[in-house]
Amino acid sequence: MKKLVILILSVLLLAACSSGKASNSADYPSKNIEIVAPASPGGGWDLTARSVQKILKDNKLVKSNVNVINKPGGGGEVGWNYLHSKDSHNLAVNSSLLLTNNLLGQSKLTHKDFTPLATLATEWQAIAVSVNSPYKSINDLMEQIKKDPNSIKIGVGPGLGNDDHLAFVQVADMKGITPTDLNFLVYDGGGGDVVTALMGNHVDAVTTSLSEVKDQHLAGKLRILTVSSDKTLEELEDVPTLQEEGIDMVFPHWRGIMGPPDMTEEEIKYWDEKLTEMVKTDEWKKLLENNDWDDFYQNSEETKAFFDEQEKLYKDLINDSGLVK
């Protein structure tokens, strides 16, 4: 009898210990939802988190309150470490930095330490030159780099190893150029400083997000040579995609949302349903249009497979770039 009592108490103790992280799926969500923006207010991660919060609430897609909390630092690392210790009522916005931080040895966390819920949207990469540049196409630019890599200074920011850098590495590699020969100049201030450097003729080309150069291209202040999208973009019908230039690659700059590890199948299903509804709303479509983002929705299962695919791509690109010895 004494052994039976001890066994029952042990089971109850284990249940009590585990209840701090798990939730009763039947009642999920049973308290406020918190979305972590792993950056300061004002950037893309913050905008994504606050847009998801607003659209979920405005359309009454979730019954609980939804709050956004900013956890900046370490290229997402601070926010994602915070999420890792939380329960399933906490979510976080992510991007490719979740993968590259680990591949570059800057984080022990991988995408497998979280529960993928959705890929939501993407921006596209652009490669641009000044309006007076002799290079009229991406192939012209790559031919010159192939002849003399040091003759072309390529502006990138805020550091190497991000999408802006690795997209250019992939283009160069596909054109038979050794990526470690590329002459990058890094601008800590990011896309804005990179574009300023191009306008001031301090660099010969830049690789950056499309949103950083679109307005200047439309105003005739610089020339976008190519974009990494899978099709020609509205308002930029004069700009060919990489594929249209014979370079068979598409490079999304995606953002998504994930939960802590060990979410239940019922909880994952809940977010599959809610986020599928959210991306169909007019508000979400307007958000994409206003920010030059494209729909890139993938559900939890599709996002899990996408992470595996992207991890392999980024691992190869980082190795090619020479960032990891």
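Visitor: Which residues does Asn299 touch, not counting residues up to four places away in sequence?

Guide: Asn299 touches Leu117, Ala118 and Asp272, where contact means heavy atoms within 4.5 Å. This is a predicted model, in which local features need pLDDT of at least 70 and side-chain atom pairs count only at pLDDT 80 or more, while totals for chains, interfaces and linings use all residues. Residues are numbered from 1 along each chain as its sequence is written, and side-chain values use heavy atoms, with hydrogens and water left out.

Visitor: Why is Asn299 called partly exposed?

Guide: Buried means under 20% relative accessible area, exposed means over 50%, and partly exposed is in between, with a 1.4 Å probe and protein chains only. Asn299 has 23% relative accessibility, so it counts as partly exposed. Its place is in the loop between β10 (294-298) and α11 (300-321); helices (H or I, at least four residues) and strands (E, at least two) are DSSP runs, numbered from the N terminus.

Visitor: What makes Gln170 buried or exposed?

Guide: Gln170 has a relative accessible area of 15%, so it is buried. Gln170 belongs to helix α6. Leaving aside neighbours within four places in sequence, it is in contact with Met249, Phe251, Leu313 and Leu317.

Visitor: How many of the chain's residues count as buried, as a percentage?

Guide: Of the 325 residues, 51% count as buried. The chain has 11 helices and 10 strands, and its C-alpha trace spans about 90 × 45 × 30 Å along the principal axes. Among contacts between residues at least 6 apart in sequence, 75% join residues at least 24 apart.

Visitor: How do you know that the buried residues of α5 line one face of the helix?

Guide: In α5 (residues 138-147), the buried residues are Ile138, Leu141, Met142 and Ile145. Seen down the helix axis, the buried residues of α5 fall within an arc of 95°, so they line one face; the arc is that of the directions from the helix axis to the C-beta atoms. The elements covering them include β4 (115-130), β5 (153-156), α6 (163-174), β7 (205-209) and β8 (222-227).

Visitor: Why are α2 and α10 called roughly antiparallel?

Guide: The axes of α2 (residues 44-58) and α10 (residues 282-290) come within 10 Å and cross at roughly 160°. Axes are lines fitted to C-alpha atoms, for helices over the stretch in contact, and angles run from 0 to 180 degrees between N-to-C directions. Angles under 35 degrees count as roughly parallel, over 145 as roughly antiparallel, 65 to 115 as roughly perpendicular and the rest as oblique. The pair α2 and α10 is therefore roughly antiparallel.

Visitor: Is the crossing of α2 and α10 left-handed or right-handed?

Guide: The crossing of α2 and α10 is right-handed. A crossing is left-handed if the near helix is turned anticlockwise from the far one by less than a right angle, and right-handed if clockwise. Leu47, Ser51, Val52 and Ile55 in α2 meet Glu283, Trp284 and Leu287 in α10. These residues divide into 5 nonpolar, 1 polar and 1 charged; Ala, Val, Leu, Ile, Met, Phe, Trp, Tyr, Cys and Pro count as nonpolar, Asp, Glu, Lys and Arg as charged, and the others, Gly among them, as polar.

Visitor: At what angle do α7 and α8 pack?

Guide: Helices α7 (residues 191-199) and α8 (residues 210-218) pack at about 35°, with axes 9 Å apart. Their crossing is right-handed. From α7, Gly191, Gly192, Val195 and Met199 meet Glu212, Val213 and Gln216 of α8, giving 3 nonpolar, 3 polar and 1 charged.

Visitor: Which residues does a cis peptide bond with omega about 0° join?

Guide: That bond joins Gly157 and Pro158, and Pro158 is in the loop between β5 and α6. The bond from Tyr28 to Pro29 is cis too, with omega near -10°; Pro29 is in the loop between α1 (2-18) and β1 (33-37).
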